[in-house]
Amino acid sequence: LSLPAPGIIRSVRALHARTDTVWVGTSRGLMSLARDDSVAGDDAGWRRLVGSAAPVIGIGSVGDTLMAMTLDRIAWRDPFTGTWRSGVDIGSSLGRLVAFHATAHGAWVGGERGAVFVDAAGRPRHHLRIGDELPAPVTAITSSEQYLWVGTQRGVVRLTLVPQ
């Protein structure tokens with residue numbers, strides 16, 4: 001049995017281990033805890049970009065780029081400078097964002113009005129819409145080499161991925 005990580009006393013919404021650091025999405029922002037740190041800290045660059053009150057509900061790596069998701073946006077961390085940048089506004093087309101799954105080439109993001117595949121800079125590349133490819137709002141999303149699996153309010157959808 002272990003006690004909570006020092007410095008993280010917020011509700012945790014997402015976790016992502018990357019090399020020697022664990023990134024923690026909380027109800028009030030993004031934190032990190034490196035192997036040699038004694039206390040987790042807020043990410044100052046994230047706070048400047050998004051603010052300190054936005055919950056982080058998804059985190060993952062696309063190649064060497066760290067990505068994080070709030071309820072209305074995707075942001076990515078420049079692997080060379082460590083600077084956080086906002087992706088294209090996908091919240092306006094998807095509604096409230098609820099699901100995030102990073103892959104080697106981008107990330108699948110699900111929302112109230114569908115799903116979208118974004119590249120490492122958060123630019124939309126492929127949309128799935130309710131009423132066309134999806135029967136209802138997205139609740140969860142994941143993929144394998146061959147399939148995209150989308151949890152919806154009306155069941156699970158399996159889509160075959162076609163290499164591009």
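1. Start with the pocket. In this predicted model, the largest pocket has 19 lining residues, and Trp108, Phe117, Leu161, Val162 and Pro163 are the ones nearest its centre. Its volume comes out at about 710 Å³.

2. Who builds that lining? Strand E12 (124–129) and strand E15 (155–160) are the elements that give two or more residues to it. E12 has the largest share, with 3 residues.

3. If you want a pair to click on, Gly151 has Val156 in E15 as its bridge partner.

4. On its other pairing, E14 meets strand E13 (residues 138–143), again antiparallel, over 5 bridges. This is a hairpin too, with 3 residues between the strands, and Ser143 sits opposite Leu148 in E14. Strand E14 (residues 147–152) is mostly covered, with 5 of its 6 residues buried.

5. Now the inside. The largest nonpolar core holds 15 residues, and those touching the most other members are Met67, Met69, Ile74, Ile90, Phe100, Val109 and Val118. Strands E6 (65–69), E7 (74–77), E9 (97–102), E10 (107–111) and E11 (114–118) each put in at least two residues. There is also a second, separate core of 12 residues, including Leu30, Trp46, Ile59 and Ala68.

6. Phe100 is worth a look of its own. Leaving aside residues up to four places away in sequence, Phe100 touches Gly58, Ile59, Gly60, Met67, Met69, Ile74, Ala107, Trp108, Val109 and Ile141.

Methods
Residues are numbered from 1 along each chain as its sequence is written. This is a predicted model: local features need pLDDT of at least 70, side-chain atom pairs count only at pLDDT 80 or more; totals for chains, interfaces and linings use all residues. Side-chain values use heavy atoms; hydrogens and water are left out. A nonpolar core is a set of buried Ala, Val, Leu, Ile, Met, Phe, Trp, Tyr and Cys residues joined through side-chain atoms within 4.5 Å. Buried means under 20% relative accessible area, exposed over 50%, partly exposed in between (1.4 Å probe, protein chains only). Helices (H or I, at least four residues) and strands (E, at least two) are DSSP runs, numbered from the N terminus. Contact means heavy atoms within 4.5 Å. On a 1 Å grid over the protein atoms alone, a cavity is a set of points where a 1.4 Å probe fits but cannot get out, and a pocket is an open set with protein on both sides within 12 Å along at least five of seven lines; lining residues have an atom within 4 Å of a point. Grid points are joined across faces, edges and corners, and a volume is the space filled by probe spheres set on the points. Two strands pair if DSSP finds at least two bridges between them.
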